[in-house]
Number of protein chains: 2
Amino acid sequence: MLLVVTYDVDTTNKEGEHRLRKVAQLCERYGMRVQNSVFEVLLDAAQLTTLKCELEKIIEPDVDSIRIYRLGNSYKNKIEVMGKTSVLQAGEPLLL
Amino acid sequence: MLLVVTYDVDTTNKEGEHRLRKVAQLCERYGMRVQNSVFEVLLDAAQLTTLKCELEKIIEPDVDSIRIYRLGNSYKNKIEVMGKTSVLQAGEPLLL
């Protein structure tokens, strides 16, 4: 299924900047960065559980926010893009 | 239907900062800000057409990016939240 992962990490201090990098690096392992803080990832339920577990280890829940939207398997007609499309977006979401 | 609107606006100059404010103000009219650059909005097809038309007037398509994800009408089990939840998120997505 396709998941959209969006995140806001509080970067008002160095620890936050570190968490932001860690979240981005983790999401890059799973999928395609389509905006600065938005990833599209193709995962099954078990992989999603693993991703969430890894994210929980990184974030500071009082100040950071992650939202995961499930678009399912028939996702192609559920995404509209306006303006710039990143190079990475040319193909399918990546699963590494 | 529930839509998730995410945006990256190039703010390397004052015009970009202005566009960013305009996009945020527009999305605020339609729905609920759940992260810095992520809104959840409840719209029908006609309202979506209007929103996209208004967004097109604001953005600079070569440098700005907007993505709209359709979660449909049965969206409650399609959203997972980790970490901080904003005050606005307590209720349903807003439609003004």
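Q: How many salt bridges does a search of the whole structure find over all chains?
A: Twelve. In a salt bridge, a side-chain nitrogen of Lys or Arg lies within 4 Å of a carboxyl oxygen of Asp or Glu. This is a predicted model: local features need pLDDT of at least 70, side-chain atom pairs count only at pLDDT 80 or more, and totals for chains, interfaces and linings use all residues. Side-chain values use heavy atoms, leaving out hydrogens and water; residues are numbered from 1 along each chain as its sequence is written, while chains are lettered from A and ligands numbered from 1 in the order in which they are written.

Q: Why is the pair A:Arg19 and A:Asp64 called a salt bridge?
A: Its closest N and O atoms are 2.6 Å apart. The limit is 4 Å, so the pair qualifies. A:Arg19 sits in helix 1 (residues 14-30) of chain A, and A:Asp64 in the loop between helix 2 (45-58) and strand 4 (65-72), 45 residues apart. Helices (H or I, at least four residues) and strands (E, at least two) are DSSP runs, numbered from the N terminus.

Q: What makes B:Glu80 and A:Lys52 a salt bridge?
A: Their closest N and O atoms are 2.4 Å apart. Between chain B and chain A the count is six.

Q: How many residues does each chain bring to the contact?
A: Chain B gives 34 and chain A gives 34. Contact means heavy atoms within 4.5 Å.

Q: Why are the copies said to meet through the same surface?
A: Because 100% of the interface residues of chain B are also interface residues in chain A.

Q: What area is buried between chain B and chain A?
A: About 3,100 Å², with 48% from carbon and sulfur atoms. Buried area is the accessible area (1.4 Å probe) lost when two parts are put together, summed over both. B:Arg67, B:Glu80 and B:Met82 supply 28% of what chain B buries against chain A, more than any other three residues.

Q: How do you know that strand 5 of chain A and strand 4 of chain B pair?
A: They share five bridges, in the antiparallel sense. Pairing needs at least two DSSP bridges, so they pass. A:Met82 has B:Ile66 as its bridge partner.

Q: Why is the relation of chain B to chain A that of a two-fold axis?
A: A rotation of 180° with 0.0 Å of shift along its axis superposes chain B on chain A, at RMSD 0.0 Å. That is the two-fold relation. In chain B, the C-alpha of B:Leu71 is nearest the axis, 3.2 Å from it.

Terms used: Copies are superposed by least squares on the C-alpha atoms of residues with pLDDT of at least 70 in both.
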